Amino acid sequence: MRLIIAEKPSMMAPLIRSKCLSEDDHITFTFGIGPWVKSHEKLTFKQIPYTEHSNKTRSFHETLAHREYNSLDKPVHCVRDGKNKPLLTLCLNSEGLLKWMEYLNENLHQYSEIVVVVNNDRRGAHGASQILERLVGELPPVCVILFYSLRETTLADVWSRRHQYNWQQSGFAEKAQEQATKRLFEYWWHANAALVFGECCKKSGLTGDPVITKYELMLMHILASHGGEETPDKLLSIMQQWKGSGKFSDHNIPQYLQAVGSHSSQYEIIKKLTLRGFAENRSQEGEDVLKITPEGARFLSLCHPKTFDPDLPGRLLHWMSTDNIGAMRRYINTVFSRQLRFQRKTSNKMTDSLSNY
């Protein structure tokens with residue numbers, strides 16, 4: 001009896017058809033980036049900058065509940081057997097996740113091995129690690145299937161050689177740690193930005209919800225550097241080919257990893273500029289153009305010049321590869337303490353100037 005940790009059901013279908021699995025095997029899923037995220041603390045401005053650690057987590061799907069209608073009301077098959085028959089069906093809320101882990105832990109003593117079948121990247125590894133670290137007790141051997149084809153003949157061969165790659169040797173443990181470091185940065189960014197940039201949005205007339213992300217802020221400044229207006233297609237191209245100042249070009253970081261956002265998120269980041277009120281769509285010579293609004297211009301005037309960091313993608317990758325939490329903490333402390341002082345000083349000057357009229 002084995003436990004297979006897969007990224008999604010479609011990834012397991014060829015393995016099931018190839019008859020590599022036994023009926024008593026258990027298959028569970030990471031659902032992409034992992035079922036859990038850190039719970040955001042409710043902070044006050046006195047706590048800014050905030051760079052504490054928190055062990056509190058919540059269901060990732062609960063964070064999507066306000067964006068995806070009834071996303072929590074649709075039970076999903078969390079565990080299937082080796083013939084694809086559902087064994088455990090739950091809603092992916094906090095209560096459901098607890099029952100899910102209880103089920104796996106109740107069966108842990110029966111698993112002869114754990115087989116990880118996820119995409120060979122940081123997201124896949126981190127999703128699997130979230131489940132592994134919640135299994136209580138001594139784990140059986142953990143091996144990883146490295147595959148590049150879903151053809152059944154190829155999978156059968158790879159499956160037979162699965163014991164050649166354990167969790168450490170496969171590089172998955174390292175990838176999972178890199179993603180955990182990235183998640184920590186995003187947690188700190190969100191905690192500070194919710195208050196700091198939330199105040200900026202309120203003062204400038206922009207929508208503060210959702211919280212301004214690191215790459216949305218970068219795109220705001222990129223659009224401003226292009227005269228305040230640019231086509232969405234051109235912005236997308238700039239984001240994909242971003243190199244920053246070149247400071248991290250000698251760190252052997254692939255170009256696509258230095259992009260402003262991932263391929264799956266870049267269009268959404270551009271879209272946020274108009275939804276927030278930072279930019280508006282205009283037709284110019286028969287072409288759609290994004291132009292910064294007066295509210296967007298006011299927001300930028302409240303941003304310290306050094307808050308825009310052209311090297312943030314490369315810098316974050318460097319922190320991830322070196323696990324340099326200290327440098328990451330100093331960065332967050334510097335950026336948000338400086339930004340908060342600047343926006344309040346600038347806002348006070350604007351208020352004084354208006355009162356003189």
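At what angle do α7 and helix α8 (residues 232-240) pack, and how far apart are their axes? In this predicted model, in which local features need pLDDT of at least 70 and side-chain atom pairs count only at pLDDT 80 or more, totals for chains, interfaces and linings use all residues. Residues are numbered from 1 along each chain as its sequence is written, and side-chain values use heavy atoms, with hydrogens and water left out.

The two helices pack at an angle of about 120°, with their axes 11 Å apart, where axes are lines fitted to C-alpha atoms, for helices over the stretch in contact, and angles run from 0 to 180 degrees between N-to-C directions. Helices (H or I, at least four residues) and strands (E, at least two) are DSSP runs, numbered from the N terminus. α7 and α8 are therefore oblique to each other, given that angles under 35 degrees count as roughly parallel, over 145 as roughly antiparallel, 65 to 115 as roughly perpendicular and the rest as oblique. Leu-219, Ile-222 and Leu-223 of α7 make the contact with Leu-235, Ile-238 and Met-239 of α8, contact meaning heavy atoms within 4.5 Å. By class, the contact of α7 with α8 comprises six nonpolar, no polar and no charged residues; here Ala, Val, Leu, Ile, Met, Phe, Trp, Tyr, Cys and Pro count as nonpolar, Asp, Glu, Lys and Arg as charged, and the others, Gly among them, as polar.

Helix α7 (residues 214-225) also packs with helix α9 (residues 266-276), at an angle of about 75° and with the axes 10 Å apart, and the two are therefore roughly perpendicular to each other. On the α7 side, Tyr-215, Glu-216, Leu-219, Met-220 and Leu-223 meet Ile-269, Ile-270, Lys-272, Leu-273 and Arg-276 of α9. The residues of this contact divide into seven nonpolar, no polar and three charged.

An open sheet of six strands, with mixed pairing, has the order β6-β5-β2-β1-β7-β8, two strands being paired if DSSP finds at least two bridges between them. β6 (86-90) and β8 (142-144) stand at the edges, each with a single partner strand, so one side of each is left without a neighbour in the sheet. From one strand to the next, the twist averages 25°. Strand β1 (residues 2-6) and strand β7 (residues 113-117) run parallel and are joined by five bridges, and the bridge partner of Ala-6 in β7 is Val-117. Helix α1 (residues 9-17) packs on the sheet, where it touches β1, β2 (26-29) and β7, and its direction makes about 155° with that of β2. Helix α3 (residues 94-107) likewise packs on the sheet, touching β1, β2, β5 (76-81) and β6, with a direction at about 150° to that of β6.

Several loops carry backbone features. The peptide bond from Ile-48 to Pro-49 is cis, with omega near 5°, and Pro-49 lies in the loop between β3 (36-38) and β4 (57-59). The bond from Asp-209 to Pro-210 is also cis, with omega near 5°, Pro-210 being found in the loop between α6 (172-204) and α7. Lys-19, although not a glycine, has a positive phi of about 65°; Lys-19 is found in the loop between α1 and β2 and is exposed, with a relative accessible area of 70%. Asn-84, not a glycine either, has a positive phi of about 80° in the loop between β5 and β6, and at 35% relative accessibility Asn-84 counts as partly exposed (buried means under 20% relative accessible area, exposed over 50%, partly exposed in between, with a 1.4 Å probe and protein chains only).
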